[in-house]
Amino acid sequence: MDTEQCGGTSLHGYIDTTRVSVLNASNPECLKNIFRPWDQRLARDLEPLHSDEDDPELLLSIPFTSDVKIRTIMIIGGPDGSSPSRMSVFTNREGLDFESVADLPPVQEWGLFENLNGEIEYPTRFTKFQGVANLTIHLPTSFGGSRSTIWFIGLRGEGTKNVRQPVTTVVGCPTAGGMPYALKVYETMPQPQDHKTPAGENIPQPPHLGYRCSANTSVPQHLRTVIQ
């Protein structure tokens with residue numbers, strides 16, 4: 001069982017490892033290896049994640065099976081200057097790339113230490129990390145190494161029962177040419193067992209939309225997917 005300490009419970013069990021993704025990795029097939037139970041963070045039996053040679057920048061997308069509240073983040077990198085030296089994070093923004101993270105303000109950013117022994121956790125501004133369905137981690141630089149190496153990423157906090165379901169809506173494109181695009185948003189689906197009358201009967205609750213769009217709304221570029 002994952003250890004429960006001041007940072008809260010490990011959120012490893014909430015990470016949807018079937019949908020995690022990474023940009024600029026030389027071995028993206030090893031991405032799942034860095035998400036382990038907390039008490040296995042120092043294990044070295046599987047290959048770590050590496051950035052491309054001569055380019056230490058990495059961008060990771062971490063979806064969750066249900067909303068979480070994140071209290072701390074831990075990064076264990078490699079030796080000889082290959083650990084990440086900076087970290088910026090974004091919440092509930094899928095499909096980000098290096099261009100979009102350069103233009104968007106992060107929810108929070110940190111200067112990192114070479115945490116080879118898994119002893120350092122970085123606390124979040126907890127009120128800004130409520131109801132997180134997707135976490136994007138940007139690691140732009142290393143400690144001088146030609147590439148970055150990641151052995152472990154660990155998150156601690158609290159899980160919830162709120163499950164977000166994707167809703168894709170076709171709307172008119174505000175750009176020249178009028179090409180339609182699909183906007184994918186996620187709505188929180190409350191669990192009926194969490195909303196009962198005194199008699200014990202379940203009350204259906206309306207969904208909460210995280211983003212709403214209409215045909216004449218100007219939608220940020222990173223939220224657009226062109227329909228072929």
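The largest nonpolar core has 30 residues, and L60, M87 and L135 touch the most other members. Such a core is a set of buried Ala, Val, Leu, Ile, Met, Phe, Trp, Tyr and Cys residues joined through side-chain atoms within 4.5 Å. This is a predicted model: local features need pLDDT of at least 70, side-chain atom pairs count only at pLDDT 80 or more, and totals for chains, interfaces and linings use all residues. Residues are numbered from 1 along each chain as its sequence is written, and side-chain values use heavy atoms, with hydrogens and water left out.

- β5 gives the largest share, eight residues.
- M87 touches I73, I75, Q108, E109, W110, L112, Y122, I137, H138 and L139, leaving aside residues up to four places away in sequence. Contact means heavy atoms within 4.5 Å.

**Chain overview**
- The protein chain holds one helix and 14 strands. These are DSSP runs, numbered from the N terminus: helices are H or I with at least four residues, strands E with at least two.
- Of its 228 residues, 45% count as buried. Buried means under 20% relative accessible area, exposed over 50%, and partly exposed in between (1.4 Å probe, protein chains only).
- Among contacts between residues at least 6 apart in sequence, 74% join residues at least 24 apart.

**Rings and charges**
- The count comes to one aromatic pair. Rings of Phe, Tyr and Trp (its six-membered ring) pair if their centres lie within 6.5 Å; planes under 30 degrees apart count as stacked, over 60 as edge-to-face and the rest as tilted.
- W38 and F152 form an edge-to-face pair, 5.8 Å centre to centre with 80° between the planes.
- W38 lies in the loop between β3 (21-23) and β4 (49-50) and F152 in strand β10, so the pair ties together parts 114 residues apart in sequence.
- Both W38 and F152 are buried.
- The charged end of R156 sits over the ring of W38, 4.3 Å from its centre. The rule asks for NZ of Lys or CZ of Arg within 6 Å of the ring centre and within 35 degrees of the ring normal.
- R44 lies over the face of W151, 4.5 Å from the ring centre.

**Cavity**
- The structure holds one cavity of 30 Å³ or more. On a 1 Å grid over the protein atoms alone, a cavity is a set of points where a 1.4 Å probe fits but cannot get out; lining residues have an atom within 4 Å of a point.
- The largest cavity contains about 40 Å³ of space. Volume is the space filled by probe spheres set on the points.
- W38 and F152 are among the residues lining the largest cavity, as are H12 and R36.
- β10 supplies the largest share of that lining, four residues.

Terms used: On a 1 Å grid over the protein atoms alone, a cavity is a set of points where a 1.4 Å probe fits but cannot get out, and a pocket is an open set with protein on both sides within 12 Å along at least five of seven lines; lining residues have an atom within 4 Å of a point.
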